[in-house]
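Welcome! Take a look at the sequence and the structure below, and then let us walk through a few features together.

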Amino acid sequence: MDATQNTLSLKSIFNDFKEITKAGLAVSVLFSSIAGYLLGFDDKHPFQWSVLLILAIGGYCMVGASNAYNQVIEKDLDALMDRTKNRPVPSGRMSPKVALFVASVLTIIGLTLLYTINPKTAMFGAISIFLYTSVYTPLKTVTSLSVFVGAFPGAIPFMLGWVAATGDFGIEAGTLFLIQFFWQFPHFWAIGWFLYEDYEKAGFFMLPTGKKDKGTALQIILYTVWLIVASLLPVLGYTGKLFITPIAAVLVFLLGVWMLIYAVRLYKLRTAKAARTLMLVSVSYITLLQLIYIFDKFLR
């Protein structure tokens, strides 16, 4: 009986850890960093499994820490929303002090691991945590510009992998940052649209016009267009060592058109279902784009 209870206890602790670090989100963010690393290594900066492993573990710690800090800060607001009220802290399964301790330990481990790769990687990791917890999180109840601010830490992972591989932040890492930066807007505005009523309970301002209207939908379309443009920059030959072939560019363009179609669909229908579909398409977009970039590098 004691063994069974211990097993259940360990399982519940593990599940709460996954929830407070948002494991699913953390893994998807981690994929971006790994993609950036695979794009960044070359003869001058050879591939190293040890660096990739440290990047993966350190990256998860940094994302997990940001999410844990966020849940401590927003514990009272999370309790008001249906999608978040059962999280460890608002539900009472984990105390704010324990959650803060977990976040702090993850921060220390994450920064230490990333520093062993190179100081710049650790610096950008630290900037990401600071912006997410100290600027983006408080602004969510104040202004819709919080999405703009949140786009900065959200765009760091893709370029973080390049910096981890090369130790440099130049036009290449900047381009990867730009791609994921523009991606944040249609993605999070789509989430803000279909979760509008739930966010409203906590007083979160997520949509650019504050409403589920044509103005918001139009901005989603415009930022999707900018995303497509940014994604095609590497084919022009002006982004240093980061470049893609014309064939890859065509695939990226078609991928962008696919996402744009669903952005236009949201403009026409303005329904929660259309917004949710756009969100799912946006996740597929960024993942497939990164895979196209990677395969293009290894196959050319």
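Let us begin with a charged pair: the side chains of Lys241 and Asp42 meet in a salt bridge, at 3.6 Å from N to O. The term stands for a side-chain nitrogen of Lys or Arg within 4 Å of a carboxyl oxygen of Asp or Glu. Lys241 lies in the loop between helix 11 and helix 12, and Asp42 in the loop between helix 2 (23-40) and helix 3 (49-73), so the pair ties together parts that are 199 residues apart in sequence. Across the whole structure, a search finds 10 salt bridges.

This is a predicted model, in which local features need pLDDT of at least 70 and side-chain atom pairs count only at pLDDT 80 or more, while totals for chains, interfaces and linings use all residues. Residues are numbered from 1 along each chain as its sequence is written, and side-chain values use heavy atoms, leaving out hydrogens and water.

## Helix 11 and its partners

Helices here are DSSP runs of H or I with at least four residues, numbered from the N terminus. How do helix 11 and helix 12 (residues 246-269) cross? Their axes, which are lines fitted to C-alpha atoms over the stretch in contact, with angles from 0 to 180 degrees between N-to-C directions, come within 9 Å and cross at roughly 180°. Helix 11 and helix 12 are therefore roughly antiparallel (angles over 145 degrees). The contact of helix 11 with helix 12 holds 18 nonpolar, three polar and one charged residue.

Helix 13 (residues 272-299) packs with helix 11 at about 5°, their axes 13 Å apart. That makes the two helices roughly parallel (under 35 degrees). Here Ile220, Leu227, Ile228 and Ser231 in helix 11 meet Leu278, Tyr285, Leu289 and Tyr293 in helix 13.

## A nonpolar patch

Leu218, Leu222, Val225, Trp226 and Val229 make a nonpolar surface patch of about 450 Å². Such a patch joins nonpolar side chains within 5 Å, from residues with over 30% relative accessible area and no salt bridge; areas come from the Shrake-Rupley method with a 1.4 Å probe. Trp226 is found in helix 11 (residues 214-232).

## Two positive phi values

Most residues other than glycine have a negative phi. Lys22, in the loop between helix 1 (2-20) and helix 2, has a positive phi near 50°. Arg270, in the loop between helix 12 and helix 13, also has a positive phi near 50°.

Technical notes:
Patch = residues over 30% accessible without salt bridge, like charges linked within 9 Å, V, L, I, M, F, W, Y side chains within 5 Å. Parallel < 35°, antiparallel > 145°, perpendicular 65-115°, else oblique. Nonpolar A, V, L, I, M, F, W, Y, C, P; charged D, E, K, R; others polar. Contact = heavy atoms within 4.5 Å.
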